[in-house]
Amino acid sequence: MKFMHIADVHLGVVPDKGKSWSEQRAQEIKSSFQRLLDVAKKEKIDVLLIAGDLFHFPPTTSMLKELDAQLNELENVTTILIAGNHDYRTAGSPLDRYEFQSDTLCLGTGEPEQVVLEDLETSITGISYDRQIITEALYDGLTPELPGEEFHEGYFQILLAHGGDEKHSPISREGLLSSGFDYIALGHIHKPEIIAADQMIYPGSLEPIDYTDIGARGYVIGEAVKQKEGWSCRTEWREFSCRQYVELPVEVQPEMTNYQLQKLVQEQMDELGSEHIYRVLLQGYRSSLFQADLNGLMNLYHIYEIVDQTHEAYDLEQLQEENADNLLGRYIQSFEGQEDVLHQRALEYGVKALMRCREFEK
């Protein structure tokens with residue numbers, strides 16, 4: 001049984017509102033989902049697992065029809081999804097009433113629901129969100145053997161779960177790992193995380209949604225094989241997003257000019273990939289007359305923001321002379337002859353702190 005596991009696609013989101021690339025990113029997220037379905041066809045998967053937040057908000061009937069048409073092109077593929085905290089399923093909502101023409105099922109709310117795929121000897125259990133915030137631990141004590149339901153012993157048991165923080169169904173990782181499920185397909189956390197190899201995984205969002213989603217994003221593909229001693233499952237996380245959010249620390253030197261700084265930033269972005277979206281973090285020391293200006297790059301690259309974390313470079317000899325009769329001067333003098341890295345760092349931090357105190361006093 002071959003499966004694909006995705007989560008947190010957030011169809012309908014418009015990232016980075018107000019930025020020049022905002023609408024482009026909204027379209028890229030839609031395109032990435034279609035690209036993923038093309039991969040699913042090529043890989044000839046049997047089951048597509050969607051662990052919540054396929055949509056950025058509760059979908060309209062029009063959005064569901066569009067999805068249905070896309071999924072209908074997957075031949076011999078069963079799609080099982082749950083609603084997450086963004087696309088939650090309320091009674092009477094379009095998601096609650098919609099009847100898929102494709103081989104697709106959105107699991108219900110309230111109590112765990114189980115789907116049995118007899119031809120694949122696979123059972124899939126899950127619960128959809130019916131509201132944005134769920135503080136109850138939905139999955140505590142949950143096992144593949146649901147009360148009142150026939151248990152298919154020897155089947156490959158999958159759990160679809162969404163959450164993992166205090167406002168979105170807290171999860172006991174140890175508890176889930178010992179719950180009896182063969183594979184636990186998680187959603188909600190956008191950063192990919194393999195909690196237990198081949199058994200319990202957050203695939204992360206398919207595409208980064210905002211600047212906090214730093215790093216690569218993608219999906220999981222897996223295969224379960226029934227052997228004499230039981231099921232064997234092998235999974236692979238694959239990078240898929242067309243671009244990433246990248247935090248780029250840039251070391252500023254006191255003698256540096258804006259031309260040199262701009263050239264340095266440009267070289268680093270070209271090396272990492274000009275397609276990415278950057279938060280440029282200016283660090284190090286600058287002269288008192290230097291004002292960083294990277295406006296020339298803003299139109300050439302996707303730069304979300306430039307954060308100036310630099311500090312003014314101080315002339316320690318001059319500071320000591322001017323402050324010989326106070327704490328700052330005595331502090332600098334106490335490091336005379338101490339050239340090792342540890343003492344120099346202590347000197348640097350101490351001077352910085354004392355100078356900041358002066359700024360606050362002003």
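Helices (H or I, at least four residues) and strands (E, at least two) are DSSP runs, numbered from the N terminus. The structure is a predicted model, in which local features need pLDDT of at least 70 and side-chain atom pairs count only at pLDDT 80 or more, while totals for chains, interfaces and linings use all residues. Residues are numbered from 1 along each chain as its sequence is written, and side-chain values use heavy atoms, with hydrogens and water left out.

View 1. Helix 7 covers residues 316-322 and contains E322. Together with D315, E317 and E321, E322 forms a negative surface patch.

View 2. Six strands form an open sheet in the order 5-6-7-8-10-9, with mixed pairing. Two strands pair if DSSP finds at least two bridges between them. Strand 5 (113-117) and strand 9 (193-196) are at the edges and have a single partner strand each, so one side of each has no neighbour in the sheet. From one strand to the next, the twist averages 15°, with axes fitted as lines to C-alpha atoms and angles running from 0 to 180 degrees between N-to-C directions.

**View 3. Strands 5 and 6.** Strand 5 runs antiparallel to strand 6 (residues 122-126), and 5 bridges join them. S123 in strand 6 is the bridge partner of V116.

**View 4. The hairpin of strands 11 and 12.** A hairpin of 2 residues joins strand 11 to strand 12. Strand 11 (residues 218-227) and strand 12 (residues 230-239) run antiparallel and are joined by 10 bridges. Opposite G218 stands E239 in strand 12.

Key. Patch = residues over 30% accessible without salt bridge, like charges linked within 9 Å, V, L, I, M, F, W, Y side chains within 5 Å. Areas by Shrake-Rupley, 256 points an atom, 1.4 Å probe, with all protein chains shown as cover. Salt bridge = Lys/Arg side-chain N within 4 Å of Asp/Glu carboxyl O. Lys, Arg positive; Asp, Glu negative; His and termini not counted. Charge placed at Lys NZ, Arg CZ, Asp CG, Glu CD.
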